[in-house]
Every structure is written in structure tokens, then in C-alpha cells.
Amino acid sequence: MEANYRLTENFVFGEFWSNNFGKPKVEPPLAFFKDIKHIAEQLQIVRDILRVPIIITSGYRTPEWNASKSVEGVPGSLHLFGRAADSRAVGVPVKKYFAYICRYTDLNHLGEYITAGFVHTGIMDNFIVFKY
């Protein structure tokens with residue numbers, strides 16, 4: 001599928017592709033598309049309410065990128081399966097953005113990274129909230 005494939009009014013598929021050590025980004029396996037689209041749809045709800053751009057800082061990750069020093073992601077991360085995205089809302093404090101995600105979406109794996117300036121969102125079978 002093309003990187004510019006529109007998932008929602010403001011998100012395209014390529015925003016969720018894995019970084020690749022300065023080389024072209026890596027497209028997720030097609031089996032992950034449904035969950036990536038769902039995350040985009042949920043973040044679109046928040047974007048429409050806040051009326052500011054939302055930047056995806058990390059979506060799907062290859063195992064190599066997840067394990068890299070740039071990421072230091074946990075083994076088994078939801079990012080490896082297209083079930084998570086890290087993002088920030090332009091000009092919106094992390095705590096406020098986090099609160100809006102909690103209130104207006106059905107995403108249920110939520111992390112607040114105050115000093116790093118982003119919110120982790122994901123899809124799991126149970127509800128988990130964490131802070132860093």
C-alpha cells in the first residue's frame with residue numbers, strides 16, 4: 001500500500017511506518033493495517049477536538065529499529081505488531097493531550113512521557129496506564 005494512502009482526514013499510512021536508520025522507512029506487514037487504521041481513527045477524534053496537528057513520532061517498528069539505541073524498545077512491544085503509536089499534539093501540553101486521549105478514545109494501552117514530550121497509545125486486551 002502506498003505511504004500517502006489516507007487513513008483519515010489528517011493521517012496517512014506512511015506516518016506509521018518504521019524508521020530505518022536513515023534509509024527509506026519500512027512499511028508494516030499488511031496484516032497490521034486494521035490496527036494501524038484504528039489508532040489513526042482514534043487519534044483523529046482527538047485532533048478534531050483540539051484543532052491542532054498531531055505528529056506521529058513512532059508507529060510500527062521493525063525488530064531492528066525497536067532494539068536500536070535510538071529507541072531501546074521493550075521486547076514484545078506493541079509497536080512491533082502495529083498496535084501502538086507514540087505521538088504529540090502541536091502546542092498542547094503532554095498532560096492535556098494524554099487526558100484527551102483517555103477521555104475521547106477507546107485506546108487502552110496508554111503511557112505519558114512528560115519529559116520526552118509524547119504520549120504512547122496502543123491496543124491491548126486489557127486496560128493499562130503508565131507514566132515515565
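Predicted model: local features only at pLDDT ≥ 70, side-chain atom pairs only at ≥ 80, totals over all residues.
Before the first view, a quick word on charge: Lys and Arg count as positive and Asp and Glu as negative, while His and the chain ends are not counted. The place of a charge is taken as NZ of Lys, CZ of Arg, CG of Asp or CD of Glu.

**View 1**
Residues are numbered from 1 along each chain as its sequence is written, and side-chain values use heavy atoms, with hydrogens and water left out. Look for 15 positive and 13 negative side chains in the protein; the centres of the two sets sit 6 Å apart. The protein exposes about 7200 Å², with 55% of that supplied by carbon and sulfur atoms (areas come from the Shrake-Rupley method with a 1.4 Å probe, and for residues only the protein chains shown count as cover).

You'll find three helices and five strands here (DSSP runs numbered from the N terminus: helices are H or I with at least four residues, strands are E with at least two). Starting at the N terminus, the order is α-β-α-β-α-β-β-β. The radius of gyration is 14 Å, close to the 14 Å that the globule rule gives for 132 residues, so the protein is as compact as a globular protein of that length. That radius is taken over C-alpha atoms, and the rule is 2.2 Å times the number of residues to the power 0.38. Along its principal axes, the C-alpha trace spans about 35 × 30 × 30 Å.

**View 1. Inside the nonpolar core.**
Of the 132 residues, 47% are buried (buried means under 20% relative accessible area, exposed over 50%, and partly exposed in between, with a 1.4 Å probe and protein chains only). The largest nonpolar core has 28 residues, and Phe16, Leu43 and Tyr97 have the most contacts inside it. A core here is a set of buried Ala, Val, Leu, Ile, Met, Phe, Trp, Tyr and Cys residues joined through side-chain atoms within 4.5 Å. Two or more core residues come from each of α1 (33–50), β1 (54–58), β2 (84–89) and α3 (94–104). Helix α1 gives the largest share, seven residues. In soluble globular proteins, nonpolar side chains tend to be buried together.

**View 2. Zooming in on Leu43.**
Leaving out residues up to four places away in sequence, Leu43 touches Phe11, Ile54, Ile56, Ser87, Tyr97, Ile101, Leu107 and Thr121 (contact means heavy atoms within 4.5 Å).

**View 3. His109 and its neighbours.**
His109 belongs to strand β3, residues 109–113. With 13% relative accessibility, His109 counts as buried. Its contacts, again skipping residues up to four places away in sequence, are Leu78, His120, Thr121, Gly122, Ile123, Met124, Ile128 and Phe130. Take Met124: His109 is 15 residues from it in sequence, yet their C-alpha atoms are 6.2 Å apart.

**View 4. Two residues with a positive phi.**
Most residues other than glycine have a negative phi. Phe21, not a glycine, has a positive phi of about 55°. You'll spot Phe21 in the segment before α1, and it is partly exposed at 46% relative accessible area. Arg51 isn't a glycine either, and its phi is about 60°. Arg51 lies in the loop between α1 and β1 and counts as exposed at 72% relative accessibility.
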